[in-house]
Every structure is written in structure tokens, then in C-alpha cells.
Amino acid sequence: MNIHKEHPPKSGDLLAPPEWTMEMLHAEGQHIAVVKCRGEPMCRLSLAAPEADQDGARRLLADKARQWIWEYLNRSKQA
């Protein structure tokens with residue numbers, strides 16, 4: 001899924017370029033987001049909150065993914 005499509009960021013929040021996507025997985029009480037760039041996995045983020053509903057977990061992980069992407073892109077520019 002496009003990171004912004006289902007859960008757009010709040011005004012002023014970070015935006016991810018359109019080639020970045022996020023796939024949701026579930027395993028043993030964890031919600032896992034696989035962050036991809038052009039289909040290639042770049043990062044996995046998890047939320048260990050079995051009581052969190054899927055939509056809430058997706059929203060939290062989308063925010064974490066946008067933050068990670070922003071840090072990754074800025075780190076790449078400094079290298």
C-alpha cells in the first residue's frame with residue numbers, strides 16, 4: 001500500500017516519496033510493517049501490542065515508517 005493513501009499524515013507531518021510503500025504482516029501478537037522502496041524491502045518496523053486493532057496499528061506504523069524513510073533519505077544525502 002502507498003503509505004499516504006490509507007492513512008494520510010497530519011498537516012505538517014513528513015511525507016514519503018511515492019515509490020515508498022508499506023506492507024502489513026501479523027505474527028505472534030505483533031503488527032509488522034515492511035517498508036519497501038520500488039518493491040525492495042528496506043526496513044521492518046513492529047508494534048508489540050496485541051490489543052491494538054489493525055487500523056490503529058497501521059496508522060501508528062505508517063507514522064513510524066514516514067519517520068524512518070525521512071531519516072534514511074537524509075542519511076543517504078550526508079554520505
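This is a predicted model: local features need pLDDT of at least 70, side-chain atom pairs count only at pLDDT 80 or more; totals for chains, interfaces and linings use all residues.
Modeller: Residues are numbered from 1 along each chain as its sequence is written, and side-chain values use heavy atoms, with hydrogens and water left out.

Biologist: In what order do the three strands of the open sheet stand?

Modeller: Helices (H or I, at least four residues) and strands (E, at least two) are DSSP runs, numbered from the N terminus. Two strands pair if DSSP finds at least two bridges between them. The pairing here is antiparallel, and the order is 1-2-3.

Biologist: What is the average twist from one strand to the next?

Modeller: Axes are lines fitted to C-alpha atoms, for helices over the stretch in contact, and angles run from 0 to 180 degrees between N-to-C directions. From one strand to the next, the twist averages 25°.

Biologist: Which residue of strand 3 is the bridge partner of Val35?

Modeller: Strand 2 and strand 3 pair in the antiparallel sense over seven bridges. The bridge partner of Val35 in strand 3 is Cys43.

Biologist: Is Cys43 buried or exposed?

Modeller: Buried means under 20% relative accessible area, exposed over 50%, and partly exposed in between (1.4 Å probe, protein chains only). Cys43 has a relative accessibility of 12%, so Cys43 counts as buried.

Biologist: How many disulfides does a search of the whole structure find?

Modeller: A disulfide is a pair of cysteine sulfur atoms within 2.5 Å. Cys37, at 11% relative accessibility, counts as buried, as does Cys43 at 12%. The number of disulfides found in the whole structure is zero.

Biologist: How many salt bridges does the count come to?

Modeller: A salt bridge is a side-chain nitrogen of Lys or Arg within 4 Å of a carboxyl oxygen of Asp or Glu. By this rule, the count is four.

Biologist: With which residue does Glu19 form a salt bridge?

Modeller: The closest N and O atoms of this pair are 3.8 Å apart, and the partner of Glu19 is Arg38. The pair links distant parts of the chain, with Glu19 in the loop between helix 1 (3–6) and strand 1 (20–27), and Arg38 in the loop between strand 2 (30–37) and strand 3 (40–47). Glu19 is partly exposed at 29% relative accessibility. The residue with a relative accessible area of 65%, which is exposed, is Arg38.

Biologist: What separates the C-alpha atoms of Arg38 and Glu19?

Modeller: Arg38 and Glu19 are 19 residues apart along the chain. Their C-alpha atoms are separated by 5.3 Å.

Biologist: How many aromatic pairs are found, and of what kind is the pair of Trp20 and Tyr72?

Modeller: Rings of Phe, Tyr and Trp (its six-membered ring) pair if their centres lie within 6.5 Å; planes under 30 degrees apart count as stacked, over 60 as edge-to-face and the rest as tilted. The search of the whole structure finds three aromatic pairs. The centres of the Trp20 and Tyr72 rings are 5.8 Å apart and their planes stand at 70°, so this pair is edge-to-face.

Biologist: Which parts does the pair of Trp20 and Tyr72 tie together?

Modeller: The parts are 52 residues apart in sequence. Trp20 is buried, with a relative accessible area of 2%, and Tyr72 is partly exposed at 23%. Trp20 and Tyr72 lie, respectively, in strand 1 and helix 2.

Biologist: Of what kind is the pair of Trp68 and Tyr72?

Modeller: Their ring centres are 5.1 Å apart and their planes are at 15°, so the pair is stacked.
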